[in-house]
Amino acid sequence: MKLGIIGAGMIVNDFLTITSHLKDLELEAIFGRKNNKKIMKELKNKYKIKNIFFDYNELLNSDVDTVYIALPNNLHFEFSKIALEANKNVIVEKPMTSNYREALSLSNLAREKNLFIFEAITNQYLPNYKKIKELLPSLGEIKIVQCNYSQYSTRYDSFKAGSVLPSFDPNFSGGALMDLNIYNIHYIVGLFGKPKNVEYYPNIEKGIDTSGILMLDYEKFKCVCIGAKDCKAPIANNIQGDKGCIYQDTPANICKKFELLMNDGTSKLINENNYEHRMVNEFIEFIDIIKNNNLDKCYNLLNHSLIVSDVLTIARKKGGIIFPADNTSR
């Protein structure tokens, strides 16, 4: 894979630390704004990135075959669409797009052109998460599922003081649902599929959800997903069945060790993750899928992302949160 990195923010810096684990990856280029030139030069030198671009079309006309889009949420659709139209494969950070309509548009375009597009969502690729999926039948009939990802954001202090950064800005498709609760949704949808009904009860300030409670109805069981950036609490994921429970005390995107707690009093601590960093497994799979031209697997993963995008869009609209992308036809 000859990768072009789109962006130079915190997540890009985080990603670059794992590239030594990705043997079939070539860091072909990085693209960003000219006011980030110093940062990009530092990244280029540190990680041996071949080229720097300040023009997106120039990058797309280079030897890059895949782009990794790590820009603010509101730009995901536009930059992914342009890349697909230029016959490049796409890895786009979560959330895939601002709404379901945009996600479906990208999905259709990728399938028409036989190109790969992935939403970078770590938990779906972690060995611990796959083990949880394998162990679900041992819990018996599922009754209650609860995920709480509450993490007080220092940006919330700035937000209250009047400085609105992208993660709290509806113009950037921000908010607690899109930033934190999305991990819970991916976690649940990956295990149980599409819910029968979605309700969202957000705490809204200045037109954005700073925290909220998402209710997912699966008919035979109910699920509560909490995402908060304005307050904190012990992080916990619980999957409760009539024969036992799976308990995990790490965020849904990291998915570290978990406990299998059975009604007969037996318990087991499980940890099958094989890398410390949460992003390694997903990029190993992305590279492998493209290398083996496994479009079917890619599109199965894409179907999962479409369900999540639909849940996010329904939840936001029911919670009264509107993004500029919702009011445009593109």
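Buried residues are those under 20% relative accessible area, exposed residues those over 50%, and partly exposed residues those in between (1.4 Å probe, protein chains only). The structure is a predicted model, in which local features need pLDDT of at least 70 and side-chain atom pairs count only at pLDDT 80 or more, while totals for chains, interfaces and linings use all residues. Residues are numbered from 1 along each chain as its sequence is written, and side-chain values use heavy atoms, with hydrogens and water left out.

Secondary structure comes next. Helices (H or I, at least four residues) and strands (E, at least two) are DSSP runs, numbered from the N terminus. Two strands count as paired if DSSP finds at least two bridges between them. Eight strands build an open sheet with mixed pairing. Their order is E8-E9-E10-E7-E11-E12-E13-E14. Strand E8 (197-205) and E14 stand at the edges. Each has a single partner strand, so one side of each lacks a neighbour in the sheet. From one strand to the next, the twist averages 10°. Axes here are lines fitted to C-alpha atoms, for helices over the stretch in contact, and angles run from 0 to 180 degrees between N-to-C directions.

Strand E7 (residues 142-150) runs antiparallel to strand E11 (residues 236-241), and six bridges join them. Cys-147 faces Asn-237 of E11. Asn-237 in turn stands opposite Gln-248 in E12. E11 and E12 are antiparallel and share four bridges. A hairpin of two residues links E11 to E12. E12 also pairs with E13, again in the antiparallel sense, over four bridges. Gly-244 has Met-262 of E13 as its bridge partner. Four of the five residues of E12 are buried, so the strand is largely enclosed by the rest of the structure. In a regular strand the side chains alternate between the two faces of the sheet.

Helix H10 (residues 295-318) lies across E8 and strand E9 (208-217), at about 55° to E8. Contact means heavy atoms within 4.5 Å.

Nonpolar packing was then examined. A nonpolar core is a set of buried Ala, Val, Leu, Ile, Met, Phe, Trp, Tyr and Cys residues joined through side-chain atoms within 4.5 Å. The largest core has 59 residues. Ile-5, Phe-15, Tyr-56, Leu-59 and Val-67 have the most contacts inside it. H9 supplies the largest share of this core, six residues. Leu-59 touches Gly-4, Ile-6, Ala-29, Ile-30, Phe-31, Phe-53, Val-64 and Val-67, leaving aside residues up to four places away in sequence. A second, separate core has 47 residues, including Ile-121, Phe-221, Val-311 and Ala-315. In soluble globular proteins, nonpolar side chains tend to be buried together.

Charged pairs were searched over the whole structure. A salt bridge is a side-chain nitrogen of Lys or Arg within 4 Å of a carboxyl oxygen of Asp or Glu. The search finds 17. Lys-50 pairs with Glu-28, with the closest N and O atoms 3.4 Å apart. Lys-50 sits in the loop between helix H2 (37-47) and strand E3 (51-53), and Glu-28 in strand E2 (residues 26-31), so the pair ties together parts 22 residues apart in sequence. Glu-28 is buried at 6% relative accessible area, whereas Lys-50 is partly exposed at 44%.

Lys-256 forms a salt bridge with Glu-276, the closest N and O atoms being 3.3 Å apart. Lys-256 belongs to the loop between strand E12 (244-248) and strand E13 (258-262), and Glu-276 to the loop between strand E14 (267-270) and helix H9 (280-291), so this pair ties together parts 20 residues apart in sequence. Lys-256 is partly exposed, at 34% relative accessible area. Glu-276 is exposed, at 69%. Shared partners join Glu-26, Glu-28 and Lys-50 into one network of salt bridges. In a further pair, Lys-222 and Asp-217, the closest N and O atoms are 2.6 Å apart. Lys-222 is partly exposed at 37% relative accessible area, as is Asp-217 at 23%.

Cysteines were checked last. A disulfide is a pair of cysteine sulfur atoms within 2.5 Å. The count is zero. The sulfur of Cys-231 lies 15 Å from the closest cysteine sulfur, that of Cys-225, too far for a bond. Cys-231 is partly exposed, with a relative accessible area of 38%.
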